[in-house]
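Hi there,

Here is the structure I promised to pass on to you. Have a look at it first, and then read on for what I found in it.

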Amino acid sequence: MKKTNVPSVLKELRGNKYQQQLAIELNVSRETVSKYENGRSKVPADIGRKLTKKYDNPKFAITLRNEYTGTGTRWLDGPNVDLHRSAVKEKTIEEMNEAIEQLEKTSLVKPLRNVQHFEMQDIENTLDELVEAQTAIDHLVAIMCMEAGISYVELWDKHYRSLASNGYLAIGGAQ
């Protein structure tokens, strides 16, 4: 299996379209598109946003987010991954249950700077479980959007508008 990264997903998204066609749409040179696809240049944030909106592809969005920050979910591409929606659903339920169980048994009452070593281990275990659940959830949302033809970009835009209307994001925070 080929490693999932921005250049490989960008080539996949472009499909049969020529680099020149994509370059015109992005208002860059064909050589620039070639550099993005060969990993010689990183896709700038503004181009990344254009591509995310244009292709509305969760795999690209997740991969781009990870490549920019070095954190967050990475697209699962290993030999043991099964990205069929029912397998992803079952794995998500398993990971969420493990995260909830771990979170429930972890005390967060006192300030974290004052926890004992054994308590810190519980906190780290909780964070590990939460990250595993987050990866599963991200993949379930992505797979369901792709298979059902639901816009990933619009789903997030709707979520951001809801957060803003409930006072959790400053107006304009749903960029």
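Let's begin with helix H4, residues 45-55, where the buried residues are Ile47, Gly48, Leu51 and Thr52. These four span an arc of only 140° around the axis, so they lie on the same side of H4. An α-helix has 3.6 residues a turn, so residues three or four places apart point the same way. On the face of H4 turned away from this buried side you will find the exposed residues Arg49 and Lys53. What lies over the buried residues of H4? The cover includes H1, helix H2 (19-26), H3, H5 and helix H8 (152-165). Just past the end of H4, aspartate 56 has a positive phi of about 45°.

Before going further, please keep in mind that this is a predicted model. The C-alpha atoms fill a box of roughly 60 × 45 × 35 Å along the principal axes. Of the 175 residues, 32% count as buried. Among contacts with a separation of 6 or more, 60% are between residues 24 or more positions apart.

Next comes helix H1. How many of the nine residues of H1 are buried? Seven of them are, which leaves H1 mostly covered. The buried ones are Val6, Pro7, Ser8, Val9, Leu10, Leu13 and Arg14. Their cover includes H2, H3, H4 and H5.

H1 (residues 6-14) packs against H5 (residues 58-69) at an angle of about 155°, and their axes are 9 Å apart. That angle makes H1 roughly antiparallel to H5, and their crossing is left-handed. On the H1 side, the contact is made by Val6, Pro7, Val9, Leu10, Glu12 and Leu13, which meet Lys59, Phe60, Thr63, Leu64 and Glu67 of H5. Sorted by class, this contact has seven nonpolar, one polar and three charged residues.

With H3, H1 packs at an angle of about 125°, with the axes 6 Å apart. The two helices are therefore oblique to each other. Here Pro7, Leu10, Lys11 and Arg14 of H1 touch Tyr36, Glu37 and Asn38 of H3. The residues of this contact divide into three nonpolar, one polar and three charged.

Is serine 34 buried or exposed? Serine 34 sits in helix H3, residues 30-38, and it is buried, because its relative accessible area is 11% and the cut-off for buried is under 20%. If you leave aside neighbours within four places in sequence, serine 34 is in contact with Gln19 and Arg40.

Isoleucine 171 is found in the segment after H8. With a relative accessible area of 79%, isoleucine 171 counts as exposed, since the cut-off for that is over 50%. Between isoleucine 171 and asparagine 125 there are 35 Å in space, C-alpha to C-alpha, and the two are 46 residues apart in sequence.

Enjoy exploring it!

Best wishes

Methods: Residues numbered from 1 in each chain as written. Predicted model: local features only at pLDDT ≥ 70, side-chain atom pairs only at ≥ 80, totals over all residues. Heavy atoms only, no water. Axes fitted to C-alpha atoms, helices over the stretch in contact; angles between N-to-C directions. Parallel < 35°, antiparallel > 145°, perpendicular 65-115°, else oblique. Left-handed = near helix turned anticlockwise from the far one by under 90°. Contact = heavy atoms within 4.5 Å. Nonpolar A, V, L, I, M, F, W, Y, C, P; charged D, E, K, R; others polar. Buried < 20%, exposed > 50% of the residue type's maximum accessible area, 1.4 Å probe, protein only. Arc of directions from axis to C-beta.
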